[in-house]
Amino acid sequence: MIKNILIIKGLIAFCTLMACIITVTALNSVFSIIGLIFTFIFAASYLLFTGIDFIGISYIIIYVGAIAILFLFVILMINIEIKDIYSNNYQLYKNLPLGIFIFSILAYMFYNLLPIFYNNLFNIATPISQIESLGVNLYTYHSILLILLGFILLLAMVASIELSVDRKK
C-alpha cells in the first residue's frame, strides 16, 4: 500500500516536472500557459496526496481558477503573431548555460541552508490545524511578504489591462 502511494507520488512529481519543462520551452505562449495550468494541477494533486489539503485545494482555486486563466485571456487579447514567435527561436537556448548556472547556485543554497531556516512551528504542545498554523505563519512572521505579493498582483493586473488597451482609437 505504501509502495503504491510512493509510486503514484513519484509519477505525479515527474508529470509536474514535464509540465514545467513544457511551460518554459513552448514557443507558443498559449501552450505555455496551458503547461502552467497543468503544472499547478499536478502540484496540487501532489500536495493532496501528501496530506496538505488546504494548500492543494488553494492551488486549484487561486492559481488555476484565477491567475492562469487571466494570463490565458491576456495572451489571447494581445494577439501575438506566430511569425514573431518563430523569429525569436534562437533566444530560447542562448541563455541556457546561465539558467543552468543560476539553478545550480540556488539548489546548492537550498540544500545547504535549509536546516538553518527550519521552522519548528509544528512541535508546539497544543495541537493546531493546518489552517491555523498557516495563518499564524503568514500573518505573524511573513506579513510584509504577503503585502508585497498583493502589490505585485495589483501591478500584474494593471499591466495586463494596459497591454490590452487599443491605442489606435
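**The pocket and its helices**

Helix α3 supplies the largest share of the lining of the largest pocket, namely seven residues. This is a predicted model, in which local features need pLDDT of at least 70 and side-chain atom pairs count only at pLDDT 80 or more, while totals for chains, interfaces and linings use all residues. Residues are numbered from 1 along each chain as its sequence is written, and side-chain values use heavy atoms, with hydrogens and water left out.

The largest pocket has a volume of about 560 Å³. On a 1 Å grid over the protein atoms alone, a pocket is an open set of points where a 1.4 Å probe fits, with protein on both sides within 12 Å along at least five of seven lines, and lining residues have an atom within 4 Å of a point. Of the 17 lining residues, Ile62, Tyr63, Leu138, Leu146 and Leu149 are the closest to the centre of the pocket. The elements that give two or more residues to this lining are α3 (53-78), α7 (130-141) and α8 (143-164).

Helix α3 also has a partner in α2 (residues 29-50), for the axes of the two helices, which are lines fitted to C-alpha atoms over the stretch in contact, come within 8 Å and cross at roughly 175°. The helices α2 and α3 are therefore roughly antiparallel to each other, a term that applies to angles over 145 degrees.

In the chain as a whole there are eight helices and zero strands, where helices are DSSP runs (H or I) of at least four residues and strands (E) of at least two.

Terms used. Grid points are joined across faces, edges and corners, and a volume is the space filled by probe spheres set on the points. Axes are lines fitted to C-alpha atoms, for helices over the stretch in contact, and angles run from 0 to 180 degrees between N-to-C directions. Angles under 35 degrees count as roughly parallel, over 145 as roughly antiparallel, 65 to 115 as roughly perpendicular and the rest as oblique.
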